[in-house]
Amino acid sequence: MRKKILTGILALSMIACMTACGTKEDASIEQCGTKENTSSMKTEQTTTEETAAATIEATTAASSEETPAAESTDNSVETSDGNETAVEESGDSGYYVVCTNIDKRTVEEFAANVKTTYLQEDWSGLSNMITYPITMYPDVTVNNADEFLSYMENKTVSSDDRTELEKETCVNLFANSTGICLGSGQVWIGEDFNNPGKLGIIGINGVVEK
């Protein structure tokens, strides 16, 4: 009887021991799983933080890039008498756009040639630069080169008008819807709208009898 009691106590002790062992193992496994989950969460958090930091750094770098200053786009130029001549954004190409789309350089080169020819009183040369018909001061209309040369016989440029035209630089000339002025109005030039793209003399003043 006593032996049976001892055997029962031993069996109960083994069962208790095994139960305790199982509980510890479960607890250990659960704890291990918890540690693994915690480590995974920490890894994910680190990755998220690194991604956010990289995004902030890229945004800051992009914002810090210099943006070129906007260029001034003043579309007018004041002439010597206070009036304005429109200028296209592209530059000098439309400086005289108020009366022609021919570029500024071409206009001013033609004006300089007209000035030289006029002051030399080369009426034959000048006749080839005129857009006909043209009204001569004060109210004589000539229709072609022959009529012009006939009219200019015994004509000369007055001293006052010569002085005015000699001062003309042929740069940034005054212009309006009528045309482009040389001097104080001794000669006017403009586009020949019967021949688009071609410039010509459209007005001559200041010649007098010799």
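## Basis of the model

Residues are numbered from 1 along each chain as its sequence is written, and the structure is a predicted model in which local features need pLDDT of at least 70, side-chain atom pairs count only at pLDDT 80 or more, and totals for chains, interfaces and linings use all residues. Side-chain values use heavy atoms, with hydrogens and water left out.

## Overall architecture

The chain contains five helices and nine strands; these are DSSP runs numbered from the N terminus, with helices (H or I) of at least four residues and strands (E) of at least two. Along the sequence, the pattern reads α-β-β-α-α-β-β-α-β-α-β-β-β-β.

Of the 210 residues in the chain, 30% are buried (under 20% relative accessible area, with exposed over 50% and partly exposed in between; 1.4 Å probe, protein chains only). Among contacts (heavy atoms within 4.5 Å) between residues at least 6 apart in sequence, 50% join residues at least 24 apart.

## Helices α2 and α5

Helix α2 (residues 104-119) and helix α5 (residues 159-166) have axes that come within 11 Å and cross at roughly 150°. Axes are lines fitted to C-alpha atoms, for helices over the stretch in contact, and angles run from 0 to 180 degrees between N-to-C directions. The two helices are therefore roughly antiparallel to each other (over 145 degrees; under 35 is roughly parallel, 65 to 115 roughly perpendicular and the rest oblique).

On the α2 side, the contact is made by Lys115, Tyr118 and Leu119, and on the α5 side by Arg162, Leu165 and Glu166. These residues divide into three nonpolar, no polar and three charged. Here Ala, Val, Leu, Ile, Met, Phe, Trp, Tyr, Cys and Pro count as nonpolar, Asp, Glu, Lys and Arg as charged, and the others, Gly among them, as polar.

Strand β6 (residues 180-182) runs antiparallel to β7, and three bridges join them; strands pair if DSSP finds at least two bridges between them. Cysteine 181 stands opposite tryptophan 188 in β7. β6 and β7 form a hairpin with four residues between them, and glycine 183 in the turn has a positive phi of about 65°.

Strand β7 (residues 187-191) is also joined to β8, by five bridges in an antiparallel arrangement. Isoleucine 189 has isoleucine 201 of β8 as its bridge partner, while glutamate 191 is partnered by leucine 199. Five of the five residues of β7 are buried, so β7 is largely enclosed by the rest of the structure. Strand β8 (residues 199-204) is mostly covered, with five of its six residues buried.
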